[in-house]
Protein chains: 2
Amino acid sequence: MKAEIINIGDEILIGQIVNTNATWMATQLNLIGVSVRYMVTISDDEEEILKAMHYASTRSEIVLITGGLGPTKDDVTKKTFASFFNSPLILNETVLKHVRSFFEKRNREINQVNIDQALVPEGCDVIPNENGTAPGMWMKKDKTIFVSLPGVPYEMIAMMNGYVLPRILKENNLPAIFHTSILTQGIGESFLAEKIEAWEDALTEKGIKLAYLPKPGLVRLRLSAAGKDQTVLEKKVNDEIETLKTLIPEYIFGFEEFGKETPTLEKIVSDLLREKKQTLSLAESCTGGYITSLITSIPGASEILKGTIVPYTNESKQNLLSVKPEIFTTVGAVSKECVEALAINVRKKFDSDYSIAVSGIAGPGGATDEKSVGLVWAAVASAEGVTSRKFQFGDNRQRNIEMAAVSVLSLLRKTLLG
Amino acid sequence: MKAEIINIGDEILIGQIVNTNATWMATQLNLIGVSVRYMVTISDDEEEILKAMHYASTRSEIVLITGGLGPTKDDVTKKTFASFFNSPLILNETVLKHVRSFFEKRNREINQVNIDQALVPEGCDVIPNENGTAPGMWMKKDKTIFVSLPGVPYEMIAMMNGYVLPRILKENNLPAIFHTSILTQGIGESFLAEKIEAWEDALTEKGIKLAYLPKPGLVRLRLSAAGKDQTVLEKKVNDEIETLKTLIPEYIFGFEEFGKETPTLEKIVSDLLREKKQTLSLAESCTGGYITSLITSIPGASEILKGTIVPYTNESKQNLLSVKPEIFTTVGAVSKECVEALAINVRKKFDSDYSIAVSGIAGPGGATDEKSVGLVWAAVASAEGVTSRKFQFGDNRQRNIEMAAVSVLSLLRKTLLG
């Protein structure tokens, strides 16, 4: 099945935002065996949208359009759909009910502009939008399916996952395809490639594709196979994973099954804590609340998280977390001694089963003769004691924060697994 | 001048990489008054490239193509150029000299594949590539200029800056262009549209375009104008901004000048605190460290941030931040009383000039009969006292966290400005 993605938005064309919608959609479509052949970005202009839709109908079997669905005057996609399909806009009662309840829940007044969101072209299948008021549309002209979705990423993603992808799968006989990603941490891409070279070389003749997908602090290895029989593909890929497990056991921390969410390290440690009915607290200096925000982004975080202290000054490390003043005058705040004291004391303070502490120099400032930007000390404490590790990352502040987070979460995972 | 960007690369179409080249090129082209009307991504396939070039020649005056210039077999752009322009590939001595010296400098042997990099279509202007071996190409067919550049970002960027942009500027009498974005907070897109309707309606005849760019908790309004005289355009847009300021003064928190970074609320409050030489501490319950992570993502955060407590349990609110136990048994943790106590006490605890506190139900769990998911109380404390606000957001956890962050940072900004 040949797909085309059309993104509507002047903000993309003037370079104000990066088109991450196209990337996310392409990834998901490819995962279910739909091949994205074209990505096109055009402006919020009726004539341009019509031209793009006509051209797409000559070359693509499904056209996914994002953007231009907002309630304001510069959003023209719905009007253009009505004109392309020669269908009048009619009020959809289900959508209107949703729009009304959307505003009621938020105790906000509804106005005519909001009510008009419930207008859709006659004959279109409405794609429900749980996170917003603009409905999506699914319509077919001759042999081409046109799908219209909002440009707001989290609305679009929920509608793709909840409606568009399942419907494509259901209504089409797509080739069998199987992907699994192996999540590794603690080894760089080139070193990993060297370690698994022989295994990788043998994959091609088995009809399996390997992709390296690096992220700060970790590398995802994606194995893909396409063919006729799903069971055969699964066995083929899983056999290779079994071999890989024997080659790099210490670096693998999880697997991403086909079509499921990527298990993040914060999700993995949260699940482990929940299973064990144990709790966590954190002392985050250089990561400045970032690790806690990762953990609290997961629903149900209050079952496992007692709390966090971000002691961003030496004074607060001393007053709130009882780090001895002589530590600052001798080894300094970025040290084994300091980070271990932070981990031990934050665990006591919150009366949690486990704790994490991080202290480092995120940069760009803060380096000394002995300690350069990117130096990070991390510790994990439990009833059994405290473990700490030293890391030397690079000179990009945000990347150092992310690398520190991934590294200490990985350390906590190993501690939790014993 | 109407421009089109064509990016060639399967890695973009399968969603493996985000197309940041297109964004960078669009920004630069817009800055010099070239209007990017289309961005197209296609695969490394001769027929597809030819079709895209033909179609582009019907609608664009300049077509900038990236990718497919490498030395390997899957790179076909140069061959396609030769065929599109009906020009044989001939050896360019200047390029060959550059390729040879490129390899010599790196002490690497040169092979036939590398030598073939010096082949270019007859009649093309070569764009020098200081950072690689693939030359760029500049050729004209009828009224359309075609430019081919490598897909490697730093090679492409250097060639755009060193050759393409200066040549476009030199050979064309480009219109002046001016954009400014107005950053608003505290009002939804549709209500904003209603409030400024008359003002907005009058923009069109003044030749000014308005775009609404919503993000969680805020809306960016972008005004754009094109014309002959830069000074006239600036005045025209700035006059409209002055009018807008009188219409929605309470919602505007900043301006984004064209080509400059978007000022975020965390950056704005950090800068205000730095100017005043004042400090901040935070008590983040439902936002779980997110606001602190925004503030600590900015270099130099240690000058203004004393620290944060994330009291994720009632117990920790009581033990670490002295919230009275009767608050939990009467009004509960998500209340004016609790959030004000958190703000006042965290300020004392860290001895900071200002403090922020947030307590709410991020969801999906945690709702009660009286309090639904999305309810958030936020407070700001200073030497002058404490101010609190109640918000009712939606039912998406991550979005509620982001909306709460933006709302309380906006409250802090107003407090800092008096």
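Ring pairs join Phe81(A), Phe84(A), Phe85(A) and Phe146(A) into a cluster; rings of Phe, Tyr and Trp (its six-membered ring) pair if their centres lie within 6.5 Å, with planes under 30 degrees apart counted as stacked, over 60 as edge-to-face and the rest as tilted. Over all chains, the structure holds 15 aromatic pairs. This is a predicted model, in which local features need pLDDT of at least 70, side-chain atom pairs count only at pLDDT 80 or more, and totals for chains, interfaces and linings use all residues. Residues are numbered from 1 along each chain as its sequence is written, chains are lettered from A and ligands numbered from 1 in the order in which they are written, and side-chain values use heavy atoms, with hydrogens and water left out.

**Aromatic pairs**

- Trp138(A) and Tyr163(A) form an edge-to-face pair, at 6.1 Å centre to centre and 65 degrees between the planes.
- Because Trp138(A) lies in strand β7 (residues 136-141) of chain A and Tyr163(A) in helix α7 (residues 153-171) of chain A, the pair ties together parts that are 25 residues apart in sequence. Helices (H or I, at least four residues) and strands (E, at least two) are DSSP runs, numbered from the N terminus.
- Trp138(A) is buried, at a relative accessible area of 4%; buried means under 20% relative accessible area, exposed over 50%, and partly exposed in between (1.4 Å probe, protein chains only).
- Phe102(B) and Phe103(B) also form an edge-to-face pair, with 6.1 Å between centres and 65 degrees between planes. Phe102(B) is buried at 10% relative accessibility, and Phe103(B) is buried at 5%.

**Charges over rings**

- In chain A, the charged end of Arg59(A) sits over the ring of Tyr38(A), 3.7 Å from its centre. The criterion is NZ of Lys or CZ of Arg within 6 Å of the ring centre and within 35 degrees of the ring normal.
- In chain B, Arg59(B) lies over the face of Tyr38(B), at 3.7 Å from the ring centre.

**Helix packing in chain B**

- Helix α11 (residues 265-276) of chain B packs against helix α16 (residues 397-417) of chain B at an angle of about 30 degrees, with the axes 9 Å apart. Axes are lines fitted to C-alpha atoms, for helices over the stretch in contact, and angles run from 0 to 180 degrees between N-to-C directions.
- The angle makes α11(B) roughly parallel to α16(B) (under 35 degrees; over 145 is roughly antiparallel, 65 to 115 roughly perpendicular and the rest oblique).
- Residues in the contact (heavy atoms within 4.5 Å) include Leu265(B), Ile268(B) and Leu272(B) of α11(B) and Leu409(B), Arg413(B) and Leu416(B) of α16(B).

**Helix α4 in both chains**

- Helix α4 (residues 77-84) of chain A is mostly covered, with six of its eight residues buried. Among them are Lys78(A), Phe81(A) and Phe84(A).
- Just after α4(A), Asn86(A) takes a positive phi of about 55 degrees.
- Lys78(B) lies in helix α4 (residues 77-84) of chain B and is buried at 13% relative accessibility.
- Not counting residues up to four places away in sequence, Lys78(B) touches residues including Gly68(B), Asp116(B), Gln117(B) and Met137(B).
- Lys78(B) and Glu46(B) are 32 residues apart in sequence and 9.6 Å apart in space, C-alpha to C-alpha.

**Chain A overall**

- Chain A contains 16 helices and 17 strands, and buried residues make up 57% of its 418 residues.
- Its C-alpha atoms fill a box of roughly 80 × 60 × 40 Å, taken along the principal axes.
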